[in-house]
Amino acid sequence: MRLSNNLVGFLNFLTFLLSIPIVVAGVWLSKQGATECEKFLDKPVIILGVFLMLVSLAGFIGACFRVSWLLWVYLLVMFLLIVVLFGYTIFAFAITNKGAGNVLSGKGYKEYKLGDYSHWLQKRVNSTKNWNKIKSCLIDSKVCSNFQDKYLNDTVTEFYVENLSALQVFFVGFAGFANMFTDLQSGCCKPSDDCGFAYVSPTVWTKNATSSTVNPDCNEWDNDAKVMCFNCQSCKAGLLDNLKSNWKKTAVVNIVFLIFLIVVYSVGCCAFRNNRRDNEYYKQ
């Protein structure tokens, strides 16, 4: 068997083995997920696992057993995947080139304005249906409880100089994850600085005579742990700032993966050409 056929067969055999735990994980998530946030990933994970399983089988059988039509299907799917991934990478860079946190004088943290980000992203988070799901995940992850616990002993002076702009993520278990995004905490777990609320604790603030009503977020704030500023524009902006950072990192990873796919596709084309030559030889 030719080298290219061996290589394509080997790579797809590894991909097939990888797809098995992915499918199992998706099924496990669908059975064990206790919240809407945890169940959100089960179907995409199962679909991804089954997709990888079928494509890798087509590539493996097509390359190792000289089944040309299966290898042709495999190459077609690979080509479409390369095109989609290339388009996604460009799209990710295009929609994440706007928006950044606003530095506040005398404060260690930043605040975020929804209007600073791309219109496409704004439209996604302004959808009531989308935001209700996101808000449910934020509440389930106890992002503000972690925020309260971390800065509970801070005086107002100490709190204002805390650096709340760095991103931290930690995972709890496999079925779900608890996220502590400090840019989200700045937007979702405290009122905007221009509201002028009096500080009691990181997640407890009281209105006073000097409180502003110009910013609509000020009217959305509530000390209730399930309300806080989860309906605020600043919370949506904090999410988009985190999303922007993650999408840029993902786009860089995609470039590397795209190069890998192009190499595999090229080797697959060689294997397909070998199959055709072998088939023509046997016919003679």
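I started with the link of C188 and C235, which is right-handed, with 90° about the S-S bond. Its S to S distance is 1.9 Å, and I count a disulfide as a pair of cysteine sulfur atoms within 2.5 Å. C188 sits in helix α9 (residues 182-188) and C235 in helix α11 (residues 233-283), so the bond ties together parts that are 47 residues apart in sequence. Helices here are DSSP runs (H or I, at least four residues), strands likewise (E, at least two), numbered from the N terminus.

A note on the source: this is a predicted model, where local features need pLDDT of at least 70, side-chain atom pairs count only at pLDDT 80 or more, and totals for chains, interfaces and linings use all residues. Residues are numbered from 1 along each chain as its sequence is written, and side-chain values use heavy atoms, with hydrogens and water left out.

Next I asked myself: is C188 buried or exposed? C188 counts as buried at 1% relative accessibility, and C235 is buried too, at 0%. My cut-offs: buried is under 20% relative accessible area, exposed is over 50%, partly exposed is in between (1.4 Å probe, protein chains only).

How many disulfides does a search of the whole structure find? It finds four. Counting bonded cysteines along the chain, I get the pattern 1-3, 2-8, 4-5, 6-7.

I then checked C195 and C218, whose sulfur atoms are 2.0 Å apart. The torsion about their S-S bond is about -95°, so I noted this disulfide as left-handed. C195 lies in the loop between α9 and β3 (198-201) and C218 in helix α10 (residues 217-220), so the pair ties together parts 23 residues apart in sequence. Both cysteines are buried.

C229 and C232 came next, with sulfur atoms 1.8 Å apart. Their link is left-handed, with -85° about the S-S bond. C229 is buried at 0% relative accessibility, and so is C232, at 0%.

I also looked up two other cysteines. C64 is buried at 19% relative accessible area, while C137 is partly exposed at 22%.

Last, the helix pair. Helix α1 (residues 3-32) packs with helix α3 (residues 42-64) at an angle of about 160°, their axes 7 Å apart. I take axes as lines fitted to C-alpha atoms, for helices over the stretch in contact, with angles running from 0 to 180 degrees between N-to-C directions. The contact of α1 with α3 divides into 19 nonpolar residues, 10 polar and one charged.

Key:
Ala, Val, Leu, Ile, Met, Phe, Trp, Tyr, Cys and Pro count as nonpolar, Asp, Glu, Lys and Arg as charged, and the others, Gly among them, as polar.
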